[in-house]
Amino acid sequence: MSNQDETSENRLRKELPEEVPATAAEAAEPAGEQEPKLTGRQRLAQGLWPPRVTRAQLIVAVLLFGLGFGLAVQVASNSDGDSALRGARQEDLVRILDELDDRTQRLEDEKAGLEKQRDELENSSDQAEEARKQTLEKERQLGILAGTVAAQGPGITMTIDDTKGTVEADMLLDAIQELRAAGAEAIQVNGVRVVAGTYLTDSGKSVSVDGNKINAPYRFKVIGKPQDLEPALNIPGGVVQTLEKEQATVTVERSAKIVVDALRAAKQPDYARSSSQ
């Protein structure tokens, strides 16, 4: 090649742009297809699931569950307790209200009697004699409550005929408690005097009252206001309905004179002493 040709070649190289080396990204073959872009809903779903629960959130959830369960149980128990009254007839509801009014009136009468005794003691010229009279009267009243003296007066006789042997001690105890709440002043069951410390236990297919075994039919002699005692036993869901569900037959009879003559021996307390000594 001549000098003229070499000169022309060099001039041509200077005029052409320099070669740019291929970058690594362009030189490398694509390893695979690019991942598709996620939509907004897909990103939201990935953020929500699987859930990421912290310890504090778990404790709060357990506490809320416990609170909700407690409220549900409370509502259910209240509904069960009110079901008897909710399904009662109008005359039954009126009778229940009358019984509550009678109990209120008895408490008012007792309050008035105590106030009268106080006034008599304060105004009597012979306070010692008045105090002695009131003491004797109080002794007679306490003797009736303690079962150490006989009593008579208006009241009811309730007879429970249990041919199936399904009546248990707790049912008779409920009857006694209901009678007391209705104003019963003296109670006798099959010849056994019922007092404040009376207890009832099951004894085979019969019942024991203060250790004395009694058999059906169970006959209650109760002194009190008949107009209060009988309705208290016949309220919806009360004593009579409960016993009838156990296939027992219950009869209640009012009487102008009930005699409670079963007596209990006066028991000397072992530890209690009068505070005036």
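**Pockets, strands and a buried isoleucine**

The largest pocket holds about 930 Å³ of space. This is a predicted model, in which local features need pLDDT of at least 70 and side-chain atom pairs count only at pLDDT 80 or more, while totals for chains, interfaces and linings use all residues. Residues are numbered from 1 along each chain as its sequence is written, and side-chain values use heavy atoms, with hydrogens and water left out.

A pocket here is found on a 1 Å grid over the protein atoms alone: it is an open set of points where a 1.4 Å probe fits, with protein on both sides within 12 Å along at least five of seven lines. Lining residues have an atom within 4 Å of a point. Grid points are joined across faces, edges and corners, and the volume is the space filled by probe spheres set on them.

What lines the largest pocket? The lining has 27 residues, and Arg-106, Glu-110, Gln-141, Gly-183 and Glu-185 lie nearest the centre. Helix H5 (90-123), helix H6 (127-146) and strand S1 each supply at least two lining residues. H5 gives the largest share, with 10 residues. By class, the lining divides into 10 nonpolar, seven polar and 10 charged residues. Nonpolar covers Ala, Val, Leu, Ile, Met, Phe, Trp, Tyr, Cys and Pro; charged covers Asp, Glu, Lys and Arg; the others, Gly among them, are polar.

The second largest pocket holds about 190 Å³. Its lining includes Ala-146, Thr-148, Asp-210 and Arg-264. Four of the lining residues are nonpolar, three polar and three charged.

Now the fold. The chain has nine helices and eight strands. These are DSSP runs numbered from the N terminus: helices are H or I with at least four residues, strands are E with at least two. Of the 277 residues, 23% are buried. Buried means under 20% relative accessible area, with a 1.4 Å probe and protein chains only. Take contacts (heavy atoms within 4.5 Å). Among those between residues at least 6 apart in sequence, 74% join residues at least 24 apart.

H5 also holds Ile-96. Ile-96 is buried, with a relative accessible area of 16%. Ile-96 and Ile-235 are 139 residues apart in sequence, yet 6.8 Å apart in space, C-alpha to C-alpha.

Strand S1 (residues 151-161) also deserves a look. Eight of its 11 residues are buried, so S1 is largely enclosed by the rest of the structure. Strands pair if DSSP finds at least two bridges between them. S1 pairs with strand S8 (residues 249-260) in the antiparallel sense over 10 bridges. Within that pairing, Arg-254 in S8 is the bridge partner of Ile-156. Six bridges join S1 to strand S7 (residues 218-223), again antiparallel. There, Thr-157 has Lys-221 as its bridge partner.

A further sheet is open. Three strands form it in the order S4-S5-S6, with antiparallel pairing. S4 (200-203) and S6 (212-214) stand at the edges with a single partner strand each, so one side of each is left without a neighbour in the sheet. The twist averages 35 degrees from one strand to the next. Angles run from 0 to 180 degrees between N-to-C directions, and axes are lines fitted to C-alpha atoms, for helices over the stretch in contact. Four bridges join S4 to S5 (residues 206-209). Ser-203 stands opposite Ser-206 in S5. Helix H7 (residues 169-181) lies across S4 and S5, at about 155 degrees to S4.

Key: Buried < 20%, exposed > 50% of the residue type's maximum accessible area, 1.4 Å probe, protein only.
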